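Dear colleague,

I am passing on the structure below, together with some notes on what was found in it. Please read the notes with the structure open beside them.

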Amino acid sequence: MPRPAPARRLPGLLLLLWPLLLLPTAPDPVARPGFRRLGTRGPEGSPGRRPSSVAPDGAPASGASEPGRASGAGVCKSRPLDLVFLIDSSRSVRPLEFTKVKTFVSRIIDTLDIGPADTRVAVVNYASTVKIEFQLQAYTDKQSLKQAVGRITPLSTGTMSGLAIQTAMDEVFTAEAGARGPSSNIPKVAIIVTDGRPQDQVNEVAARARASGIELYAVGVDRADMQSLKMMASEPLEEHVFYVETYGVIEKLSSRFQETFCGLDPCVLGTHQCQHVCISDGEGKHHCECSQGYTLNADKKTCSALDKCALNIHGCEHICVNDRSGSYHCECYEGYTLNEDRKTCSAQDKCALGTHGCQHICVNDRTGSYHCECYDGYTLNADKKTCSVRDKCALGSHGCQHICVSDGAASYHCDCYPGYTLNEDKKTCSAIEEARRLVSTEDVCGCEATLAFQEKVSSSLQRLNTKLDGILEKLQVNEYGQIHR
């Protein structure tokens, strides 16, 4: 897998290196190729690196941080590692110098979060022989771990760096020794500290270690061979090879390793890509959340508006309607209008608006609704809106010439006064019975017969008119009496 291009050195780097540059015997960094601040490969499971040497508050990062104090406190937290120190304890390393190396290791431990689920540390001591001082699973807290480091003693002559790397690869970075598997995505990191030239072949061994996924940092002190450091370290070399002139200043590198192993907080740095809210989970991890009224989408970054209508948090008095934009609006039941607050409703006067649908009469109810009623002589139909005649004879709209007879709630028929008969239209009457009785059997062609017929007809008509007047008078009296009861 190709490795990212080396990060450019930043002006803040000068602040980190300034204490070293002021040392009387320190060589010009430019004259020593590969003399770089510590860094990492970035992603792909390796420890993260801060993008600049400027603290979050804008102040330059200090070159020599106090033990256990995080550079840029509040921004980052150490990420879990399987970390192995390979320390050179050959005869060229004097006892006091070896103590400085152990202090350097302890200070790096101080900057890490130590625990079974956090960073695990092992130490491999080497000279002409190799000794595993303790494995990754041996100690799970800082105090016991630092005490174990303090008990380490130098070995002997020789500098078998290749053998030390091979031993770490075969016997320390294993599941049996406490290393975590590839599925855990925990970086495997080795820091080699030496002051001499390897007496064995480190090139091929280091290449195999790097190919197995181990990230190698090489720290050279005093007489260390820069070319050998480069052969051991991972790419990019300017991020993995470091040199100090004496063991007296090696302790100051602990702050730079802390920066290297720091888990960046994307929420603080603004690189989280959360649409609404970024929540830090520690160890450089984070998760996204949404503002009230929204829900997190499947991409775990963007947010969509909740269905407030379904959640019943809309505040609408009657009806909540979701809009396509993810918002909502309130509406009212039929017969009501939305108030100015756009949530509550007031009853409409449908009777006044003329939208009631009542055939005869609309009556407003106190509840804001209404009901229909009918005129006198009519009854309300099952649809509660239209009306049917209850007694058409009483309404006087029947059309009968003489008499209207009710047959029920809505039907009737016409009848005639005595001496009259109902015509074919079922409404008007004719006095045809008397006329038939006046028909003479005499010869209608004779003059005497014609005159006699005319006299009889006239006499009969007079009698009929007299009877009719009497009947009408009685009817009027009867109707008058009914009206004035």
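Disulfides

C316 and C330 are joined by a disulfide, with their sulfur atoms 1.8 Å apart. The torsion about the S-S bond of this pair is about -75°, so the disulfide is left-handed. Since C316 sits in the loop between α10 (308-311) and β13 (319-322) and C330 in strand β14 (residues 328-331), the pair ties together parts that are 14 residues apart in sequence. Please keep in mind throughout that this is a predicted model. C316 has a relative accessible area of 9% and is buried, and C330, at 7% relative accessibility, counts as buried as well, the cut-off for that word being under 20%.

The structure holds 10 disulfides, and two others deserve a description here. One of them joins C351 to C362, with an S to S distance of 1.9 Å, and a torsion of about -70° about the S-S bond, so this disulfide is left-handed. C351 belongs to helix α11 (residues 350-353) and C362 to strand β17 (residues 361-364), so the link ties together parts that are 11 residues apart in sequence. Both C351 and C362 are buried.

Another disulfide joins C358 to C372, where the S to S distance is 1.7 Å, and with -80° about the S-S bond this link is left-handed. C358 lies in the loop between α11 and β17, while C372 lies in strand β18 (residues 370-373), so the pair ties together parts that are 14 residues apart in sequence. C358 is buried, and so is C372.

H272 is placed in the loop between α9 (266-269) and β9 (277-282). Is this residue buried or exposed? Its relative accessibility is 17%, and because buried means under 20%, H272 counts as buried. A polar atom of the H272 side chain lies 2.8 Å from the backbone nitrogen of C274. When neighbours within four places in sequence are left aside, H272 is in contact with P266, C267, C278, H286 and K301.

Which residues touch the most other members of the largest nonpolar core? That core has 34 residues, and those with the most such partners are L83, F85, I191, I250, F257 and F261. At least two residues of this core come from each of β2 (82-88), α2 (95-110), β3 (120-126), α3 (142-150), β5 (188-194), β6 (214-221), β7 (241-244) and α8. Of these contributors, α2 gives the most to the core, with 6 residues. Another core lies apart from it and has 30 residues, among them V84, I165, M226 and A233. As general background, nonpolar side chains tend to be buried together in soluble globular proteins.

With best regards

How values were computed. Residues are numbered from 1 along each chain as its sequence is written. This is a predicted model: local features need pLDDT of at least 70, side-chain atom pairs count only at pLDDT 80 or more; totals for chains, interfaces and linings use all residues. Side-chain values use heavy atoms; hydrogens and water are left out. Helices (H or I, at least four residues) and strands (E, at least two) are DSSP runs, numbered from the N terminus. Buried means under 20% relative accessible area, exposed over 50%, partly exposed in between (1.4 Å probe, protein chains only). A polar contact is a pair of N or O atoms within 3.5 Å; within protein, one must be able to donate a hydrogen and the other to accept it, and residues adjacent in sequence count only if both atoms are side-chain atoms. Contact means heavy atoms within 4.5 Å. A disulfide is a pair of cysteine sulfur atoms within 2.5 Å. A nonpolar core is a set of buried Ala, Val, Leu, Ile, Met, Phe, Trp, Tyr and Cys residues joined through side-chain atoms within 4.5 Å.
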